[in-house]
Every structure is written in structure tokens, then in C-alpha cells.
Amino acid sequence: MSANNDSIQKTILVAVLLCLVCSIIVSGAAVSLKPMQVKNKLEDKRKNILAAAGLLQEDKSIEEQFKQVTTRIVNLETGAYATSTELAELKAAGYPVETFDQRRLSKDGNYSASLPGNKDIASIKRLEKYAAVFLVEKEGAVDRIILPVHGYGLWSTLYGFVALQSDAETIAGLGFYAHGETPGLGGEVDNPSWKALWMGKKVHDASGAVAISVVKGKVVPGNDKEINQVDGLSGATLTSNGVSNLMRFWLGEQGFAGYLKTLKGQGV
């Protein structure tokens, strides 16, 4: 009986030690690989920014191509770039410009606030105080303005970037880098042919209101809103509505409207 007890105790001890050794190995691997994971995540983000702006070249390194892009932090409440004091505060809180994580910031109660339902047309629930914008300059002048956007579709939150031309009005490109929409339906937001439809569309109508939208079905040629409309996704009405809502939110007053107005006032 004693021998059997000893055998059971030894078995349990071996199992515990094995679990402990494995956990140490896994933890060590996670720690050692974290810098590489952070680097890969940053490179993927930069790749999607370049793609949205129509600047991605597959035969060149992302790091080299991204040298043409300047990252700036915008205070969404004021529409102005964050001051040096604000940038220092953000850096101290773990949000440096180089690796600014807007998704994480939106969950930080110190830098975000919940949105009431009547203002949350994009269904994002919380709005962060700061956002990163990306500028491409040519010959000393702004050529592209790339803005982060996100909002709920049918099954998921879509995260992406919209690029504007130098007039801060004409869309130069749109792309989503994360979503869980249905392949072949809402997942068609990734279709290059559909994304190409956004190029040349205008954000605002003649009255100055944000008018860009995804319509149900096809855009009717020659209608007075054609310049603000994009064909809907076949069989994916709710995803199409979600894209319309997130675009209107982020290009509207609660998003980048103040910032874009400032740019236009500076003659960008």
C-alpha cells in the first residue's frame, strides 16, 4: 500500500515539474519573440497605410517605402495636432508616436469616453481623444492624407484606412486590414474592384455636409449625388450600411472634420 502511494506521489510530482518546465519554456519564448511580433505588427500596419494610399510597391521594403510618410497625432476634440506637452504625456502613458496604438487607446479610460447611442452611428461604443494620421508630401506639399477608420458591419468591427488627395476632399483609396465579415458577401470589402470604385469620390456634397455613402445596388449614372456614392456590396446590405456609417462618422464632426477643416484653411 505504501509503495503504491509513493508511486502515485512520484507521478504527480513528475507531472507538476513537467508542467512547470513547459510553462517556463513557453513564457520565455513569448518574451523573446515579443520584439519580433511588435515589429511584424507595425510593418503590417504600414503596409496597409501605403496600400490605402495607392503607394505600395511589392518589390520594395515596407520600411524604405514608409520613409515618405509622416505620422502626426491629432487631438480630435480640437482638430489640431497634439502639442509637445500632449505628445510627452502620451509617450509617458505608453503611446509614443512611432508605435501609436489607437485601438488600445480607445479602451483607456484616461483617453477615451463612451458614446451615447444617438451619436454612435458607427457602433464603436467608445471614442478616443487622439488619433494618428499619416501624411505623404511631395515637393514640400501634402499629397496624401491617410486617416484611420473603424466601425461595425454585420458580424464584426471593420478596421481600415481612407486616403484623401491633397484637397482633403477627394478620396484616393480605401482599405480594411481587419474584419470578420462573411467571405463572398461582406468580405467583398477586400475586393480590389470594389475598392477602386472609391477613387475620385467626394466626401462632402455642395452644402458641405458629409455625403459619402455606399448605396443599395448600383450607383445611377448622372444622378446629382453620383460623386458621393459607391456601389453596394451584393447580398451584404448591412456590411454596406456599416461602411457608410463608419465613413460618415470618422469624416464627420466627431471624427476628423475639424482636422480636415483646419487643413483646408491652411490651403492644403
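Here are some questions and answers about this predicted model.

Q: What makes phenylalanine 134 count as buried?
A: Buried means under 20% relative accessible area. Phenylalanine 134 has 3%, so it is buried.

Q: And phenylalanine 161: buried or exposed?
A: Phenylalanine 161 is buried, with a relative accessibility of 3%.

Q: What does the pair of phenylalanine 134 and phenylalanine 161 tie together?
A: Phenylalanine 134 sits in strand β5 and phenylalanine 161 in strand β7, so the pair links parts that are 27 residues apart in sequence. Both rings also belong to an aromatic cluster with Phe66, Tyr159 and Tyr177.

Q: Which residues of helix α7 are buried, and why are they said to be on the same side?
A: In α7, residues 257-265, the buried ones are Ala257, Tyr259, Leu260 and Leu263. They cover an arc of only 160° around the axis, which puts them on the same side of α7. As background, an α-helix has 3.6 residues a turn, so residues three or four places apart point the same way. The face turned away from the buried side carries Lys261 and Gly265, which are exposed.

Q: What do the buried residues of α7 pack against?
A: They pack against strands β1, β2, β5, β6 and β7, along with helix α6.

Q: What makes up the largest nonpolar core?
A: That core has 38 residues, and Leu147, Trp198, Met247, Phe256, Tyr259 and Leu260 have the most contacts inside it. Elements that each supply at least two of its residues include β5, β8 and α7. Helix α6 gives the most, with 5 residues. Another core, of 23 residues, lies apart from it and has Ile49, Ile62, Ile73 and Tyr130 among its members.

Q: What makes the phi of lysine 125 worth a look?
A: Most residues other than glycine have a negative phi. Lysine 125 is not a glycine, yet its phi is positive, about 70°. This lysine is in the loop between β3 and β4. Exposed means over 50% relative accessible area, and lysine 125 has 64%, so it counts as exposed.

Q: Where is alanine 168, and what about its phi?
A: Alanine 168 is in the loop between β7 and β8. Its phi is positive too, about 60°, although it is not a glycine. With a relative accessible area of 0%, alanine 168 is buried.

Q: How do you know that threonine 170 makes a polar contact with aspartate 167?
A: A polar contact needs a pair of N or O atoms within 3.5 Å. The side chains of threonine 170 and aspartate 167 make one at 2.7 Å. Threonine 170 lies in the loop between β7 and β8, and its 5% relative accessibility makes it buried.

Key:
Residues are numbered from 1 along each chain as its sequence is written. This is a predicted model: local features need pLDDT of at least 70, side-chain atom pairs count only at pLDDT 80 or more; totals for chains, interfaces and linings use all residues. Side-chain values use heavy atoms; hydrogens and water are left out. Buried means under 20% relative accessible area, exposed over 50%, partly exposed in between (1.4 Å probe, protein chains only). Helices (H or I, at least four residues) and strands (E, at least two) are DSSP runs, numbered from the N terminus. The arc is that of the directions from the helix axis to the C-beta atoms. Contact means heavy atoms within 4.5 Å. A nonpolar core is a set of buried Ala, Val, Leu, Ile, Met, Phe, Trp, Tyr and Cys residues joined through side-chain atoms within 4.5 Å. Rings of Phe, Tyr and Trp (its six-membered ring) pair if their centres lie within 6.5 Å; planes under 30 degrees apart count as stacked, over 60 as edge-to-face and the rest as tilted. A polar contact is a pair of N or O atoms within 3.5 Å; within protein, one must be able to donate a hydrogen and the other to accept it, and residues adjacent in sequence count only if both atoms are side-chain atoms.
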